[in-house]
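The entries below follow the order in which I looked.

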Amino acid sequence: MVLKMQGQLAAMYQEMDTLQLLHDETGWDEVIPMFNNLVDLVAAIIDSQKATDEKLLHKPTFQLDQSTINPLFTVGHKCRDPILRRKAISMLYSAPRQEGVWDSILTARACERIMNLEEEGLGEVKCAADIPDWRRISDIEVSFDLQARRGEIKMSRLRSRHSNVRRPVTDVFEW
């Protein structure tokens, strides 16, 4: 199932590259069905892991290999469908785990911050198209300072709704 999920993630990036939309943030709306399949696969993986050992239900788990966190991070910052995005963030929070350097709780916080920055001031977001290109964030780099309990997101964003030039922005959040 993990290989199927990784294949779905690779297929999604391949589709975006084929459509020449990889660097067009609104282009990600074209692959929402693939995001949906990805979330379903991750849910099945998490459910199967919990079914193997009921004691893992609320305890953090650790593994060296990447599995579910990176795909959920991709959904959390690239998919603007509000239901899928929130479901991915919820899944990161609900099954605490560490996969190599990826921590699900910190990743959820970063995705939540990105979502809030994009949706800020837009009112109720009902679908991906409700988030205009000028609000969308790209070129994301996330880092965490665990001792200071803060995260930093380096990203690019259009200067305004009338601009087509992306500018670098840094946002710091604490927990």
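**Basis.** I worked from a predicted model, in which local features need pLDDT of at least 70, side-chain atom pairs count only at pLDDT 80 or more, and totals for chains, interfaces and linings use all residues. I numbered residues from 1 along each chain as its sequence is written, and side-chain values use heavy atoms, with hydrogens and water left out.

**Helix pair.** I took helices (H or I, at least four residues) and strands (E, at least two) as DSSP runs, numbered from the N terminus. Helices α3 (residues 69-78) and α5 (residues 104-119) pack at about 10 degrees, their axes 9 Å apart; axes are lines fitted to C-alpha atoms, for helices over the stretch in contact, and angles run from 0 to 180 degrees between N-to-C directions. I therefore noted α3 as roughly parallel to α5 (angles under 35 degrees). In contact (heavy atoms within 4.5 Å), Ile69, Phe73, Gly76 and His77 of α3 meet Ser104, Thr107, Cys111 and Ile114 of α5.

**Core.** I found 40 residues in the largest nonpolar core, Val31 and Phe35 being among those with the most contacts inside it. Such a core is a set of buried (under 20% relative accessible area, 1.4 Å probe, protein chains only) Ala, Val, Leu, Ile, Met, Phe, Trp, Tyr and Cys residues joined through side-chain atoms within 4.5 Å. Helix α2 gives the most to this core, with ten residues.

**Sheet.** I traced an open sheet of three strands, β4-β5-β6, with antiparallel pairing; two strands pair if DSSP finds at least two bridges between them. Strands β5 and β6 pair over nine bridges, and Glu152 stands opposite Val172 in β6. Helix α5 packs on the sheet, touching β4, β5 and β6.

How values were computed:
Parallel < 35°, antiparallel > 145°, perpendicular 65-115°, else oblique. Buried < 20%, exposed > 50% of the residue type's maximum accessible area, 1.4 Å probe, protein only.
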